[in-house]
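Welcome! Take a look at it, then read on.

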Amino acid sequence: MLVPNHSVRIRDLTLTYGAITVLRDLNLDIHDGEFLVLLGSSGCGKSTLLNCIAGLLEPTDGQIFIKGRNVTWLEPSERGIGMVFQSYALYPQMTVRGNLSFGLKNARMAQAEIEARVAKAARILQIEPLLDRKPAALSGGQRQRVAIGRALVRDVDVFLFDEPLSNLDAKLRADLRVEIKRLHQDLDNTMIYVTHDQVEAMTLADRIAIMRSGKVMQLGTPDEIYNRPQSKYVADFIGSPSMNFLDGHYERGTFRAEGFQIDMAGYQLGAPQVADRPAILGIRPEHVATGALVNAAPIKGEVTVDLVEPMGADTLVWAQVAGKPFRIRMDGQARVVRGDRLTIGIDPSKASMFDAKTEERL
Amino acid sequence: MATTHEASAIAESRAAPARRPMRLFRNLSAKIASLPMVLVAVVIFVGCTVWTVVHSFTNSRLLPKLEWDGLSQYERLWSTPRWYVSIENLAIFGILSMIFTLAIGFVLAALLDRKIRGEDVIRTIILYPFALSFVVTGLVWQWILNPELGLQSVVRSWGWQSFTFDPLYDADIVIYGILIAALWQGTGLIMCIMLAGLRGVDEEIWKAAKIDGIPTWKTYTHVIIPMMRPVFVTSLVLIASGIVKVYDLVIAQTGGGPGGSSEVPAKYVMDSMFAAQNLGQGFAASTMMLLSVIIILIPWAYLEFGGKKRG
Amino acid sequence: MADPASLNTLAALDPVHERTGSVGDMTGPRGRRPRRAFSRANIFLYGTLILVSVYYLLPLWVMVMTSLKGMPEIRMGNIFAPPMEVTFQPWVKAWAEACTGLNCEGLSRGFWNSVRILVPSVIVSIAVASVSGYALARWRFKGSETFFAILLIGAFIPYQVMLYPIVILLRELGLYGSLWGLVLVHTIFGMPINVLLFRNYFAAMPEELFKAARVDGAGFWRIFLQIMLPMSLPIFVVSMIIQVTGIWNDFLFGVVYTRPENYPMTVQLNNIVNSVQGVKEYNVNMAATLLTGLVPLIVYFASGKLFVRGIAAGAVKG
């Protein structure tokens with residue numbers, strides 16, 4: 001028997017409702033102790049996948065393994081998972097203590113053991129003073145902490161988070177995000193985390209799985225996802241403000257577009273030989289050099305400022321390149337107004353190039 | 001990499017439960033708990049209805065028996081004058097009570113929706129008859145419409161000697177006497193439903209109409225009423241399905257009189273089955289009632305559910 | 001909007017204001033617009049509503065007044081007038097002495113029959129409907145929606161269509177004519193509306209709560225009893241109101257499925273009032289009518305807005 005070094009494995013998972021396919025032949029391996037984020041826009045199937053792992057939805061086909069055990073037909077409570085929901089889903093008529101111990105009581109655990117576990121979880125999450133309150137008397141952050149505690153007391157290997165921070169305001173969200181990260185570092189459990197917020201994904205994840213219409217588009221570390229997106233969809237989805245795309249042709253080491261051309265010498269191609277073809281060049285607004293940095297950039301050009309959006313820390317400048325809007329992210333202290341001529345520099349090694357037809361990375 | 005995947009997948013699948021739990025026994029508690037509902041749906045609503053329809057083609061009299069008799073019960077039914085009186089009454093009563101209940105219900109709801117003082121009190125007053133049974137309703141209106149001691153005699157005592165209003169003793173207008181009582185009992189419900197519908201209208205619609213300078217009545221006729229179509233449809237279905245069942249009210253208020261002039265189909269069915277010991281007639285007449293409900297329901301179901309699927 | 005007249009005056013006065021140093025065009029309409037308490041629209045609105053209220057209250061008034069009068073006064077006077085001499089004799093007679101045919105025990109027996117029918121019917125029908133609604137909302141199985149659709153359509157089938165086959169079924173079960181047979185019938189015909197109510201209520205409860213309970217290892221009954229029930233008091237009250245008034249007011253099933261000694265109050269009331277024997281005692285009849293209407297009226301006035309919510313919930317379904 002093989003020693004499983006995978007915590008959760010998903011094999012050929014398919015889920016269909018009549019004619020609608022929500023998940024199709026999905027395969028995913030999640031390492032022991034890994035923090036995996038399922039990221040995608042709404043309707044991409046990320047929550048459905050999580051619910052399948054939890055056993056709350058029954059797949060049409062495929063298998064799910066947790067800790068080497070085939071759990072495909074097991075009840076949620078038999079799978080060794082804990083789950084935290086977006087709406088907290090605390091039982092309103094029970095106290096915090098009751099919420100934490102409900103699952104343990106259902107498993108007919110000894111009273112002393114229940115108390116010990118509740119006490120431990122309450123200590124870790126610093127909710128000891130709240131144990132005898134009802135959920136209605138808690139703030140949003142406290143409620144979410146109790147919800148995490150409910151997963152914690154189960155002492156399981158895999159934690160599932162279904163958009164746990166979406167109902168909180170921005171400041172609290174940032175605080176709890178740090179806490180979840182700390183919790184993961186302390187506990188070393190496997191965590192699967194669903195979100196549509198790319199900041200949460202980038203900050204929390206060991207690896208991110210970007211999903212679209214029931215499929216994993218790219219699975220990789222935040223760094224890979226950000227710097228080497230494997231498709232135009234991923235490149236467009238990650239990054240805010242989003243990437244600029246220029247239509248043109250790739251011809252023998254050069255990207256040609258209407259009115260300009262860029263020597264792609266510094267760009268690392270995915271394959272040793274790339275034939276000439278229509279292509280899309282993607283450049284992140286923050287990778288466009290301005291001011292003194294322009295001199296260091298291999299490619300230079302000049303644009304006219306159309307619109308300025310000051311955002312405090314930095315300023316987003318809109319211009320036109322090859323007849324299409326082009327975003328440039330500048331320092332917040334930069335003073336630009338509409339109509340200014342701006343010299344910009346581009347570094348092909350930081351750009352991404354995609355096949356115009358398949359939209360896959362070249 | 002692919003080979004290790006497969007190898008470990010095989011190893012893992014060995015640890016899987018040997019057999020998938022049988023379909024029938026999954027969620028067994030839920031299925032047991034739903035058993036009463038399933039039985040009611042299948043045995044009562046489908047089974048009993050089919051039974052009655054089938055037996056309407058037999059010559060059952062005192063006891064039901066499956067002796068095929070073709071359409072003769074229906075031929076007999078449609079040659080009985082009392083049946084004609086019944087359906088004529090039902091048609092008059094039905095059409096008028098639909099019109100009046102909808103109109104009065106909507107107008108009252110619109111008046112109550114004008115942010116008036118004492119809304120709760122007035123709504124309570126208009127709705128309380130709905131809590132009373134048709135028997136109570138019928139009896140109290142029988143008393144008020146009593147020509148010797150009721151409304152008519154009071155008006156005459158005020159000096160209008162020729163005043164005549166005795167619907168319960170006049171075969172030509174007796175159905176209107178029943179209508180008055182039915183409206184008194186039922187409009188409150190429709191008003192409440194309409195009021196709920198009006199409250200469901202987005203407040204901003206009113207603001208927009210006010211800024212556009214549209215008069216209130218025009219806002220109602222051109223904006224609000226079209227928006228409330230589903231509420232009207234629901235009300236109409238409720239009224240219609242209640243009308244077909246009208247029985248208690250007639251029994252209590254007139255007993256079908258005077259001279260059988262206020263007969264209704266439901267009473268015809270009851271009398272055939274339990275008094276005249278002519279079950280076949282009762283089954284045939286009740287099948288006709290079912291048919292009329294189906295004729296009302298199909299367009300509604302089409303509007304309500306057919307439209308949704310396409311949209 | 002400022003009205004033109006005041007704008008004109010402002011313009012004329014402006015130089016003066018300039019000189020006196022007051023703030024130019026800030027003297028126009030200010031604050032609350034004066035409003036007449038009795039505008040024509042208001043008089044029409046409230047007038048209509050008061051007239052309507054009188055119409056709806058009149059029968060209740062007539063019932064109460066008539067029931068408090070003696071027969072001689074009724075024969076003389078006007079049904080709307082209050083009694084000159086208040087007597088409670090009609091109430092006593094209606095309750096204890098009024099006759100149906102040869103039996104002269106008054107309405108009291110019908111009242112107690114109705115109570116004995118009402119209590120088990122309400123409990124059984126709500127228990128069954130709530131569990132079915134819960135199963136439909138959260139534990140769908142193959143065909144469950146079809147059965148539910150049949151149930152809803154069944155609500156529109158005229159009762160007369162199903163009356164006789166149910167007589168046969170009850171006879172087979174040995175329940176025909178007994179109180180328990182009627183309890184069963186009320187449970188059956190209360191199902192469509194109540195299952196719908198409970199299903200919609202449970203379906204509107206957050207789904208994640210249900211999921212959390214399943215992750216916590218709770219099954220069908222435990223989730224129902226420990227999670228759902230404590231949160232659903234309002235819908236139980238609504239359903240109870242519907243059932244209490246509906247069952248108390250029933251006439252048809254009482255006539256068809258019970259023997260005369262088990263007749264509910266409505267049936268007995270009809271038999272007393274519409275009996276052809278003897279002299280009509282209108283005061284006793286009205287007292288009997290009021291007595292019969294009392295239970296649903298008390299439920300109605302005590303439950304206030306919940307009653308409205310209940311019937312609206314039943315009608316404007318989600």
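An axis here is a line fitted to C-alpha atoms, taken for a helix over the stretch in contact, and angles run from 0 to 180 degrees between N-to-C directions. Please keep in mind that this is a predicted model.

**A helix pair in chain A**

- Helix α2 (residues 96-106) of chain A packs against helix α4 (residues 140-152) of chain A at an angle of about 30 degrees, and their axes are 8 Å apart.
- Angles under 35 degrees count as roughly parallel, and α2(A) and α4(A) are therefore roughly parallel to each other.
- The crossing in which α2(A) passes α4(A) is right-handed.
- On the α2(A) side, A:V96, A:N99 and A:L100 take part, and they meet A:V146, A:G149 and A:R150 of α4(A).
- Sorted by class, this contact of α2(A) with α4(A) has 3 nonpolar, 2 polar and 1 charged residues.

**A helix pair in chain B**

- In chain B, helix α5 (residues 119-131) and helix α8 (residues 174-199) have axes that come within 5 Å and cross at roughly 135 degrees.
- α5(B) and α8(B) are therefore oblique to each other.
- Here α5(B) passes α8(B) in a left-handed crossing.
- Residues of α5(B) in the contact include B:I126, B:L127 and B:F130, while those of α8(B) include B:W184, B:L189 and B:M191.
- By class, the contact of α5(B) with α8(B) has 10 nonpolar, 2 polar and 3 charged residues.

**Where chain C meets chain B**

- Chain C brings 80 residues to the contact, and chain B brings 86 residues.
- How much area is buried between chain C and chain B? The value is about 7,500 Å², and carbon and sulfur atoms give 80% of it.
- Three residues, C:Y56, C:F156 and C:Y164, supply 11% of the area that chain C buries against chain B, more than any other three residues.
- Between chain C and chain B, the count of salt bridges is 0.

**Salt bridges**

- Over all chains, the structure holds 33 salt bridges.
- In one salt bridge, the side chains of A:R11 and A:D29 meet at 3.0 Å, N to O.
- This pair links distant parts of the chain: A:R11 lies in strand β1 (residues 6-17) of chain A and A:D29 in strand β2 (residues 20-31) of chain A, 18 residues apart.

Terms used
Residues are numbered from 1 along each chain as its sequence is written. Chains are lettered from A and ligands numbered from 1 in the order in which they are written. This is a predicted model: local features need pLDDT of at least 70, side-chain atom pairs count only at pLDDT 80 or more; totals for chains, interfaces and linings use all residues. Side-chain values use heavy atoms; hydrogens and water are left out. Helices (H or I, at least four residues) and strands (E, at least two) are DSSP runs, numbered from the N terminus. Angles under 35 degrees count as roughly parallel, over 145 as roughly antiparallel, 65 to 115 as roughly perpendicular and the rest as oblique. A crossing is left-handed if the near helix is turned anticlockwise from the far one by less than a right angle, and right-handed if clockwise. Contact means heavy atoms within 4.5 Å. Ala, Val, Leu, Ile, Met, Phe, Trp, Tyr, Cys and Pro count as nonpolar, Asp, Glu, Lys and Arg as charged, and the others, Gly among them, as polar. Buried area is the accessible area (1.4 Å probe) that two parts lose on being put together, summed over both. A salt bridge is a side-chain nitrogen of Lys or Arg within 4 Å of a carboxyl oxygen of Asp or Glu.
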